[in-house]
Amino acid sequence: MNIVTPRKMSFGINGKLNGLESKTPFLIGVSGGTASGKSTVCKRIMEKLGQVDMDHMQRQVVCISQDSFYRDLSPAEKLKAEKGQYNFDHPDAFDNDLILQTLQDILAGVKCEIPAYDYRTNSLMKDQITTIYPADVVLFEGILVFYFPKIRDLFHMKLFVDTDSDTRLARRVPRDIKERGRDLDYVLNQYMNFVKPAFEEFCLPTKKFADVIIPRGADNTVAIDLIVHHIWDILRLKKAENSSRQHPYIYQHRLA
Ligand SMILES: [N-]=[N+]=N[C@@H]1[C@H](O)[C@@H](CO)O[C@H]1n1ccc(=O)[nH]c1=O
């Protein structure tokens, strides 16, 4: 009879999941500069989690953007934004109290409604709401998701997508012109006046809080596979913990 030794798992000292109750979603923060590939990394993780899930449990994996929490602009701010004189890259541009409350609700398994953001009108689309039902894995991506400690401390895993600034600018220019209806001067001025200085002052210093730094973003398939398998191991252990809680004497899970 071949003895199957449980795979080595490292989840804190006592082998338990650190503060992760069986029903609590696994909350992952994904940060990095604009156009670093944050949302593509989230997309790849979601796709692969579905493939990797051998025990065919219906995994609920959702992704939320920090951009959905931009504050409403006053008429004066709207005017500044139209002239490219409003700083969307400053931490205070976001409704951080709402972000904190929303993530806490999600961790408590409360259903949440998240509006999409319209870069053309610089405003939230109240008619384009995504409903977030209790999920197994929730990804929250944005340039400043690790800036405020209270928000940062909610994540079970923190990823920083580390893409060269020139690559990010080269991606951002065509994207802003094509998808966000802007002209080259506007995009470059905004980058030099706000995006670049704010990245250096507010975003880059949060890289040190990351558990995993992903150089080259979504192209880095090795990093993404490692992350996905780690998440899957955690989810499997969560499921096992849940079972052992329900049937304490049947299930003896040994951490080899
Ligand atoms: N300006 N600028 N930069 C921000 C930031 O770099 C990025 C955050 O995802 O989206 C950009 N952003 C945000 C809101 C908006 O209305 N327009 C816009 O370009």
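Of the 256 residues of the chain, 46% count as buried, where buried means under 20% relative accessible area, exposed over 50%, and partly exposed in between (1.4 Å probe, protein chains only). This is a predicted model, in which local features need pLDDT of at least 70, side-chain atom pairs count only at pLDDT 80 or more, and totals for chains, interfaces and linings use all residues. Residues are numbered from 1 along each chain as its sequence is written, and side-chain values use heavy atoms, with hydrogens and water left out.

**Overall fold**

- The chain has 7 helices and 7 strands. Helices (H or I, at least four residues) and strands (E, at least two) are DSSP runs, numbered from the N terminus.
- Starting at the N terminus, the order of elements is β-α-β-α-α-β-β-β-α-β-α-α-β-α.
- Among contacts in the chain with a separation of 6 or more, 76% join residues 24 or more positions apart. A contact means heavy atoms within 4.5 Å.
- Accessible areas come from the Shrake-Rupley method with a 1.4 Å probe; for residues, only the protein chains shown count as cover.

- Helix 6 covers residues 184–203, 20 residues in total, yet its end C-alpha atoms are only 24 Å apart. A straight helix would reach 28 Å at 1.5 Å a residue. The expected span is 1.5 Å times one less than the number of residues.
- A kink of about 50° is centred on Y191. The bend at a residue is the angle between axes fitted to the seven residues ending there and the seven starting there.
- Buried positions in helix 6 are Y186, V187, Q190, Y191, F194, V195, A198, F199, F202 and C203.
- At the start of helix 6, a side-chain oxygen of D183 comes within 3.2 Å of the backbone nitrogen of D185.
- D185 belongs to helix 6. D185 counts as exposed because its relative accessibility is 56%.
- D185 and V173 sit 12 residues apart in sequence, with 9.8 Å between their C-alpha atoms.

- Helix 5 has 15 residues and reaches 20 Å from first C-alpha to last, close to the 21 Å expected at 1.5 Å a residue.
- R168, R172, V173 and D176 are buried in helix 5.
- Helix 6 is included in what covers the buried residues of helix 5.
- G181 follows helix 5 and has a positive phi, near 60°.

**Ligand site**

- Around the ligand there are 13 residues, of which D67, D89, Y117, N122 and Q190 come nearest. A residue is near a molecule or strand if one of its heavy atoms lies within 4 Å of it.
- A polar side-chain atom of D67 lies 2.7 Å from a ligand oxygen atom. For D89, a side-chain N or O atom is 2.6 Å from an oxygen atom of the ligand.
- R172 also has a side-chain N or O atom 2.9 Å from an oxygen atom of the ligand. A polar contact is a pair of N or O atoms within 3.5 Å; within protein, one must be able to donate a hydrogen and the other to accept it, and residues adjacent in sequence count only if both atoms are side-chain atoms.
- On its own the ligand has 410 Å² of accessible area, and the protein covers 97% of it.

**Loops and backbone angles**

- Most residues other than glycine have a negative phi.
- N122 has a positive phi, near 55°. N122 lies in the loop between strand 3 (112–118) and strand 4 (123–132). N122 is buried, with a relative accessible area of 9%.
- R216 is not a glycine either, yet its phi is positive, about 75°. R216 is in the loop between strand 7 (212–215) and helix 7 (221–246). At 49% relative accessibility, R216 counts as partly exposed.
- A135 lies in the loop between strand 4 and strand 5 (137–141). A135 counts as buried, at 9% relative accessibility.
- A135 touches P25, Q60 and V62, not counting residues up to four places away in sequence. A135 and T24 are 111 residues apart in sequence but 8.3 Å apart in space, C-alpha to C-alpha.
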